[in-house]
Amino acid sequence: DNPQNMSFFTGSCTSDEVYNVARLQSFITEMRSTVATLSSATYRANGSYNMANSGNMDLRLALGKVDYEVIAVASGDYWQCVYTVEDTYNYEYWDPSLADSNLASIITTMNNLAVAAQDAGAIVPYKVYIYYEEMI
């Protein structure tokens, strides 16, 4: 199987949800402060974040450790900024000894069965790209 990569653009529900994650908002705030002081015409920064820390259950389950990047280009009196969040939609092994309840044990077992299916080629990972654009 060869699944298509998925992309979500500015204005989509997914893009808006990811944009509102506190760590990414902090990154965006830092970036806005930085570009305000630059004399160059371009700026690029990146990082990574584990969505398990986002507090948003949907994002925790759909996205894992994501990479994010901003590219900002001066355009007259403004900066055009494009934020990209990237994740590989896949399954990773969870240590069963860390499950702290019966429900967590069941979820961990199901996840690890998906890991086995992925290792056997029945589940094929794919990339997820989420974009957000703004002018500042």
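The structure is a predicted model, in which local features need pLDDT of at least 70, side-chain atom pairs count only at pLDDT 80 or more, and totals for chains, interfaces and linings use all residues. Residues are numbered from 1 along each chain as its sequence is written, and side-chain values use heavy atoms, with hydrogens and water left out.

The protein contains four helices and five strands, assigned as DSSP runs numbered from the N terminus (helices H or I, at least four residues; strands E, at least two). Their order from the N terminus is β-α-α-β-α-β-β-α-β. The radius of gyration, taken over C-alpha atoms, is 18 Å, well over the 14 Å that the globule rule gives for 136 residues, so the protein is more spread out than a compact globule. The globule rule is 2.2 Å times the number of residues to the power 0.38. The C-alpha trace spans about 55 × 35 × 25 Å along its principal axes.

Of the 136 residues, 29% are buried (under 20% relative accessible area, with exposed over 50% and partly exposed in between; 1.4 Å probe, protein chains only). The accessible surface, from the Shrake-Rupley method with a 1.4 Å probe, comes to about 8500 Å², and carbon and sulfur atoms account for 52% of this surface. Among contacts (heavy atoms within 4.5 Å) with a separation of 6 or more, 61% are between residues 24 or more positions apart.

Aromatic pairs were assigned to rings of Phe, Tyr and Trp (its six-membered ring) with centres within 6.5 Å; planes under 30 degrees apart count as stacked, over 60 as edge-to-face and the rest as tilted. By this rule there are six aromatic pairs. Tyr19 and Tyr132 form a stacked pair, at 3.8 Å centre to centre and 20° between the planes. Tyr19 belongs to helix α1 (residues 13–19) and Tyr132 to strand β5 (residues 126–135), so this pair ties together parts that are 113 residues apart in sequence. Tyr19 is buried at a relative accessible area of 15%, and Tyr132 is buried at 17%.

The rings of Phe27 and Tyr68 are edge-to-face, because their planes lie at 70°, with the centres 4.5 Å apart. This pair joins helix α2 (residues 22–35), which holds Phe27, to strand β3 (residues 65–75), which holds Tyr68, and so ties together parts that are 41 residues apart in sequence. Both Phe27 and Tyr68 are buried. Elsewhere, ring pairs link Phe9, Tyr129 and Tyr131 into a cluster.
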